[in-house]
Amino acid sequence: MLTIAKLSYKETLYKRIFLITILMTLAYVLFYGIATHYAAKQIGDQLSNEIGAAQMEQQMLATQLIGVGLYFASFITALLSILATVGSIAGEIESHQIDTILSRPLHRRDVVLGKFIGLGGLLVIYAACLFIAILLVNLNFGGALHVSVPASSMLTGMLLFALQPLILIAVALWLSARMSTINGGIILIILYGIGFVGGFLEQIGQALNNHALVNIGIVSSLVFPLDSLFRRTMSQLFNSANDPLNIAAQGLFGSLAEPTTSMLIYTLLYGVVFLLFAMRKFSKRDL
Amino acid sequence: MSDIVISTWGLTKQFDGRAGCRDITLQVPRGVVFGFLGPNGAGKSTFVRTMLGLLHPTAGRAELLGKPIGNIEARRKVGYLPELFRYQDWLTGLQLLETHAELAGVPRSLRRERIRHLLERVGLTGRENDKIRGYSKGMQQRIGIACALIGDPELVFLDEPTSALDPIGRREVRDLMMDLRREGKTVFLNSHLLSEVENVCDHVAIVHKSDLVVQGEWRKLSDVQTQVEIRAEGVSLALWQALQHLIVSAKPLESSVMMTGSRWLIQLSHEEQVPDLVECLHREGVRLYELTPRQPALEDVFLHWVGRKEAEHAHHRETLL
């Protein structure tokens with residue numbers, strides 16, 4: 001199993017997709033840093049001109065800015081997780097690379113688990129680094145828009161953020177074990193899109209007190225709970241900042257109603273169940 | 001240690017009731033090169049993939065090295081070179097062998113030496129640090145053979161192992177198979193190349209249209225007809241017609257003007273008829289210079305058994321009607 005984990009890990013590192021992602025991520029962090037710097041500078045000037053300027057506006061901008069940064073970071077991580085994983089079994093079956101590996105004394109479930117560990121380990125590290133990079137940009141270049149979050153909240157937020165690729169990888173492995181790379185990729189991207197749109201609709205519904213929109217958001221979270229994990233990350237970061245204004249200030253990228261612990265448990269179970277499904281499906285199928 | 005390394009009982013793998021392999025009952029003794037012979041699409045690869053657990057059988061059962069297929073222990077001492085060999089081309093040859101050594105459970109202390117030895121054996125020494133994507137097809141097949149042997153297997157499945165090799169490479173693989181046999185290993189050779197099987201196999205099974213036609217020792221299987229080549233003086237077609245009760249057929253062969261007499265290929269029903277033939281020729285006043293028993297070519301044997309099986313099927317169908 002560990003050999004497979006190592007192989008999957010190396011494969012992602014050796015392939016150009018990872019190198020390109022790293023370079024584009026650096027470009028993104030740089031761009032985000034520049035944007036944060038100039039936004040903070042302008043707000044800082046305004047604040048010094050307007051004595052007693054609205055603290056609420058400042059807070060809203062700060063959390064919106066970090067919300068945008070983290071949301072796009074979550075999107076990149078999700079995309080990389082999908083691209084790296086959805087062909088990891090299907091592609092090897094299609095090319096027959098898996099044949100010689102499975103002719104070894106190895107359980108098929110160990111192959112799936114090995115891939116989960118290899119890819120998951122890599123993407124968790126990537127997600128955690130990206131999360132830290134966005135927060136560091138805010139802390140160093142945020143100026144007046146700098147948010148103060150306790151270290152414990154930051155750590156919990158990071159763990160929740162880094163959990164996202166694991167859930168995606170579990171679902172991607174299940175799809176990869178049962179269908180072609182392209183079909184699996186399309187399904188997963190659409191599922192991710194449903195969660196993405198559902199999350200926004202839920203926030204709008206909360207703001208407008210529209211139950212229909214809230215319910216759509218809840219259903220989409222049950223179908224694909226990745227967005228709720230992101231919302232939980234945001235509320236973890238800002239709800240614990242001891243500032244009641246933050247709750248209202250997070251807007252579309254935050255969470256007007258924090259996903260419950262039950263939802264968090266559901267999300268974890270969702271990932272575990274899909275990983276078990278992936279192992280079962282791969283063990284039963286013909287190659 | 002059992003003397004049988006592969007046993008199958010009615011092993012069947014069908015795809016929606018079609019193709020694959022059907023009702024294969026087979027026994028492969030230890031320490032032989034076993035030829036699994038049949039035309040393309042006969043079900044040879046399906047059989048091997050089922051034995052290795054890549055396909056799940058639809059009926060029957062099988063054992064590898066005394067353990068049921070599907071059990072990972074059954075694959076502990078097995079090597080495999082697939083027909084459609086594709087390896088992680090972003091690895092170097094050395095990294096690929098190291099990965100497979102790890103998967104096969106080769107002790108760390110033995111890995112380096114075994115890899116060095118295998119690279120030498122397949123003629124890839126000096127190219128081990130090149131990426132596999134830079135290898136030619138023949139080199140990929142060679143690294144595949146090294147991969148198959150990395151776990152020091154007792155049984156090696158080679159599925160069309162020379163398909164990408166040039167004549168020199170083919171000869172090297174034939175030598176390798178004979179070396180493996182000398183080392184006491186069993187080689188299960190899947191091939192549609194009759195010449196490949198004929199040159200190295202002790203035991204042969206013939207598959208045709210998913211069915212096992214026949215299996216056994218090549219020497220016995222090839223004993224389907226007795227042929228002798230003779231050179232004699234005073235022989236004519238009329239003589240052979242007169243000996244119809246004894247011979248199956250007589251075919252003139254090319255003769256040299258420098259030779260005395262003419263050359264003929266005579267087919268008899270049984271080997272026991274050879275002395276009778278000599279006696280008859282002597283009685284008829286024929287002067288016999290040479291009589292050489294001729295081994296039938298594998299192609300003849302193959303066609304004989306396939307033809308026989310088809311005739312049996314036809315007879316069976318007629319009986320049912």
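A polar contact is a pair of N or O atoms within 3.5 Å, where within protein one atom must be able to donate a hydrogen and the other to accept it, and where residues adjacent in sequence count only if both atoms are side-chain atoms. The model is predicted, with local features requiring pLDDT of at least 70 and side-chain atom pairs counting only at pLDDT 80 or more, while totals for chains, interfaces and linings use all residues. Residues are numbered from 1 along each chain as its sequence is written, chains are lettered from A and ligands numbered from 1 in the order in which they are written, and side-chain values use heavy atoms, with hydrogens and water left out.

**Exercise 1. Describe the interface between chain B and chain A.**

Step 1. Begin with contact, meaning heavy atoms within 4.5 Å: 28 residues of chain B touch 27 residues of chain A.

Step 2. Turn to buried area, which is the accessible area (1.4 Å probe) that two parts lose on being put together, summed over both. The two chains bury about 2,700 Å² between them, and 54% of this lies on carbon and sulfur atoms. On the side of chain B, the residues that lose the most area to chain A are L54(B), W90(B) and L103(B), which together make up 26% of what that side buries.

Step 3. Count the polar pairs: between chain B and chain A there are 17 residue pairs in polar contact, both residues being at pLDDT 80 or more. Helices (H or I, at least four residues) and strands (E, at least two) are DSSP runs, numbered from the N terminus; the elements that give two or more residues to the side of chain B touching chain A are β6 (78-81), α2 (93-103) and α4 of chain B. The largest share of that side, 5 residues, is supplied by α2(B).

Step 4. Sort the residues on this side of chain B, counting Ala, Val, Leu, Ile, Met, Phe, Trp, Tyr, Cys and Pro as nonpolar, Asp, Glu, Lys and Arg as charged, and the others, Gly among them, as polar. The division is 16 nonpolar, 6 polar and 6 charged.

**Exercise 2. Locate salt bridges across and within the chains.**

Step 1. Apply the rule, in which a side-chain nitrogen of Lys or Arg lies within 4 Å of a carboxyl oxygen of Asp or Glu. It gives 21 salt bridges over all chains, and 3 across the interface of chain B and chain A. K13(B) pairs with D286(A) in a salt bridge whose closest N and O atoms are 2.5 Å apart.

Step 2. Look inside chain A, where K115(A) and E92(A) form a salt bridge with their closest N and O atoms 3.2 Å apart. Because K115(A) lies in helix α6 (residues 108-141) and E92(A) in helix α4 (residues 90-94) of chain A, the pair ties together parts that are 23 residues apart in sequence. Both K115(A) and E92(A) are buried, where buried means under 20% relative accessible area, exposed over 50%, and partly exposed in between (1.4 Å probe, protein chains only).

Step 3. Move to chain B, where R30(B) and E154(B) form a salt bridge at 3.1 Å between the closest N and O atoms. R30(B) sits in the loop between β2 (18-29) and β3 (33-37) and E154(B) in the loop between α4 (137-149) and β7 (155-159) of chain B, so the pair ties together parts that are 124 residues apart in sequence.

Step 4. Examine helix α3 (residues 108-121) of chain B, which holds both E120(B) and R116(B), 4 residues apart, about one turn of the helix. Their side chains meet in a salt bridge (3.0 Å, N to O); E120(B) is exposed at a relative accessible area of 51%, whereas R116(B), at 41%, counts as partly exposed. Salt bridges that share partners join E113(B), R116(B) and E120(B) into one network.
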